[in-house]
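Welcome to this short briefing.

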Amino acid sequence: MIDINMFSSADKVAGQGVGAVYTELLELLNKYFPGEFNIRINRYSKSAISHYHTIDPQFYASTFSKKRGRKIGYVHFLPETLDQSLKLPKVASWTLDKYVISFYKRMDQLVVVNPNFIPRLAAHGIDPNKVTYIPNFVSRETFYPETAANKVTLREKYGIPADKFVVFGAGQVQDRKGVDDFIELAKRNPDKQFIWAGGFSFGMITNGYDHLKAAVANAPANLNFTGIIPREDMVDYYNIADLFLLPSFEELFPMAVLEAFSTETPVMVRDLSLYDKIITPYAVMAKDVDAMQTKINQLAADPDLLATYAKKSQAAAAEYSEDHLAKIWEQFYTEQAKLSPTMVSSEG
């Protein structure tokens, strides 16, 4: 049995994707490999592998210990994505950017959830050979498509007419997520219901906090900002929706899109090159708010087109399935353990 120490504080901040990725991986490893990997959380004991999910200062300090074994870093953000998410003084932002890259350089191997980030890490001086691409995934047991009858029941539960076209979005309320465009689309489509699940996870340092706080408070009548809701309740909203829309300007591999795929909900995203290898084959692509409006009109008027993208979501769910990714993570950890200077194994 291979000892793996997981280092993370991702579950301390609600409503952000890092925590969802961390939770999904832990559940996968415990489900598929209870006798192969001995998982310990935030323990500083000797281990074959230390997998860092967040970049806490105490975790950085621990990388200098010879007990850590093979050090694996999960790349959930880059300096440029942090700069678009958080509003910090210039000195603080510069310091944080330097710290992030320094943390990544302390790792023996990095895992990225989007292959497009490998050259971007290289631009920060990180050897591409030390970076492995492993996509995100979600459990079908948590995010699943409901029957048509149950979808009607869910709409009744949430007070949404059965014939209303519903556009659903999810994520932190911040500039990077394109929330302004989501609001604009709601204003342009008063006959449709718009719902955004998520809130200001990082409070007043959220980029765009001031104007978005006011925009949320004065949202049009057909737009419901739910705030941060429990992850286990999100499946209801995906099944209520006719279309999942994520108008983000910058992402790595959004968990919300995977959740929508898993529920077989049609997906629309902004047309970004970073999606080329991971999302583009399965989603409606729209370059700006006008293009999104056009596509929404087309989808609302054409049930067959909507069904086509539901099938594309089903195909994506198979590509990023838990079963598929379990095999990839097993191989990755096994290979990394062989390179570990400690290679500590538990007997049971």
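How many cavities of 30 Å³ or more does the structure hold? There are two of them. Please keep in mind that this is a predicted model.

**The largest cavity**

- The volume of the largest cavity is about 40 Å³.
- Its lining is made up of Val21, Glu24, Leu25, Tyr74, Pro135, Asn136, Phe137, Met255 and Trp329.
- Helix H1, which spans residues 17–32, gives the largest share of this lining, with three residues.
- Sorted by class, the lining of the largest cavity has seven nonpolar residues, one polar residue and one charged residue.

**The second largest pocket**

- Three helices each supply at least two lining residues: H6 (148–157), H9 (234–240) and H12 (303–319).
- As for class, the lining of the second largest pocket has nine nonpolar, two polar and six charged residues.

**Helix H7 with helix H11**

- Two packed helices are described by the angle between their axes and by the distance between those axes.
- For H7 (residues 179–188) and H11 (residues 289–301), the axes come within 10 Å and cross at roughly 45°.
- The two helices are therefore oblique to each other.
- The crossing of H7 past H11 is right-handed.
- On the H7 side, the contact is made by Asp181, Glu184, Leu185 and Arg188, while H11 brings Val289, Asp290, Met292, Gln293 and Ile296.
- This contact of H7 with H11 counts four nonpolar, one polar and four charged residues.

**Helix H11 with helix H12**

- H11 also packs with H12, at an angle of about 105° and with the axes 5 Å apart.
- That angle makes H11 roughly perpendicular to H12.
- Which residues meet here? Gln298, Leu299 and Ala301 in H11 meet Pro303, Leu305, Leu306 and Tyr309 in H12.
- The contact of H11 with H12 has six nonpolar residues, one polar residue and no charged ones.

**To take away**

- H11 takes part in both pairs described here, crossing H7 at roughly 45° and packing with H12 at about 105°.

Terms used: Residues numbered from 1 in each chain as written. Predicted model: local features only at pLDDT ≥ 70, side-chain atom pairs only at ≥ 80, totals over all residues. Heavy atoms only, no water. Axes fitted to C-alpha atoms, helices over the stretch in contact; angles between N-to-C directions. Helix = DSSP H or I, 4+ residues; strand = E, 2+ residues; numbered from the N terminus. Parallel < 35°, antiparallel > 145°, perpendicular 65-115°, else oblique. Left-handed = near helix turned anticlockwise from the far one by under 90°. Contact = heavy atoms within 4.5 Å. Nonpolar A, V, L, I, M, F, W, Y, C, P; charged D, E, K, R; others polar. 1 Å grid on protein atoms, 1.4 Å probe; cavity = no way out; pocket = protein on both sides within 12 Å on 5 of 7 lines; lining within 4 Å. Points joined across faces, edges and corners; volume = space filled by probe spheres on them.
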